[in-house]
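Here's a quick briefing to read alongside the model. Have the sequence and the 3D view open as you go.

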Amino acid sequence: MFKGFYNLASGVLTQTRNLNVIGNNMANVSTPGFRKDTFTQTTFQDEMIYRIGNTDKSNPTQIGRMNCIVTGDGNVTSYKQGGLTPTASALDIALEGSGFFAVETGNGIAYTRNGSFILDDQGYLYLDGVGRVMGTNGPIYLGTDKITCDTYGNLTSTETGQFFGKIRTVDFQDYNTELEKTTGDMFIATGNPRDVNIPMRQKFLEDSNVDVIQEYTEMMATERALQSAAQVLKMYDQLAAKIVQIGPT
């Protein structure tokens, strides 16, 4: 009977972790370019089940396998593209198709689908809270927000026609092995990025690819599983207390 504690306690912990992942997805439903995570589960330490005789126990017969613990296997990121929403800012740029913007941070180059750019205090194209947006020749200096961006990221002044630079875009052969998600909508490379030309749309932002209805459905199912495991775990605890109790109840 006490093996049930392993199943139930691990179920409570696993469902709690799943709720954390779902909650993070919900919190970032409005974050441009955010990529949702899905929590995956696995079993731990399969055990053999044998049938033995009442008298002769010398030849047990294998009848199956069982496991006592469910645990997290990790998070799987969905790279499905989100929808595009028009904006009023000339510095908002969305990617169409696979690939990423490159952004210079204090810890090196990071990659993102978030094209909600601004100008920093020195006039460089900047992703708020992250760093300067990289061009093919380094960070891009604009000095003005009166710019136009063509299909492949060439930035020019709408007033003078001055060419400021081309936004660098990269892609990876295998997202699962060559990218590591850090926070929110940012990634770092564990493989080799390759420079590619990715179509862009100015005055648009890519939405998060989180499906709100699906997340709500999964959240309710997870909460019910968590409540059920917690209630049965309480029952096991009460039964264990009665078993070890000495004397009349």
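Two strands pair if DSSP finds at least two bridges between them, and strands (E, at least two residues) and helices (H or I, at least four) are DSSP runs, numbered from the N terminus. What you're looking at is a predicted model, where local features need pLDDT of at least 70, side-chain atom pairs count only at pLDDT 80 or more, and totals for chains, interfaces and linings use all residues. Residues are numbered from 1 along each chain as its sequence is written, and side-chain values use heavy atoms, with hydrogens and water left out.

**Overall picture**
- The protein's secondary structure comes to three helices and 19 strands.
- Of the 249 residues, 35% are buried (buried is under 20% relative accessible area, exposed is over 50%, partly exposed is in between, with a 1.4 Å probe and protein chains only).
- Take the contacts (heavy atoms within 4.5 Å) with a separation of 6 or more: 64% of them come from residues 24 or more positions apart.

**Strands around β6**
- β5 (residues 100-105) runs antiparallel to β6 (residues 108-112), with five bridges between them.
- The two make a hairpin, β5 and β6 being separated by two residues, and V103 sits opposite A110 in β6.
- β6 also pairs antiparallel with β16 (residues 186-189), through two bridges; there, Y111 faces F187 in β16.

- T14 belongs to helix α1 (residues 3-27), and it's buried at 3% relative accessible area.
- Leaving out residues up to four places away in sequence, T14 touches F39, Q41, V70, T71 and G72.
- K203 isn't a glycine, yet it has a positive phi of about 60 degrees.
- You'll find K203 in the loop between β18 (200-202) and β19 (204-206), where it's partly exposed at 39% relative accessibility.

**The largest pocket**
- A pocket is an open set of points on a 1 Å grid over the protein atoms alone where a 1.4 Å probe fits, with protein on both sides within 12 Å along at least five of seven lines.
- The largest one has a volume of about 160 Å³, volume being the space filled by probe spheres set on the points, which are joined across faces, edges and corners.
- Its lining (residues with an atom within 4 Å of a point) includes N24, F34, D37, N75 and K181.
- By class, that lining has one nonpolar, six polar and two charged residues (Ala, Val, Leu, Ile, Met, Phe, Trp, Tyr, Cys and Pro count as nonpolar, Asp, Glu, Lys and Arg as charged, and the others, Gly among them, as polar).
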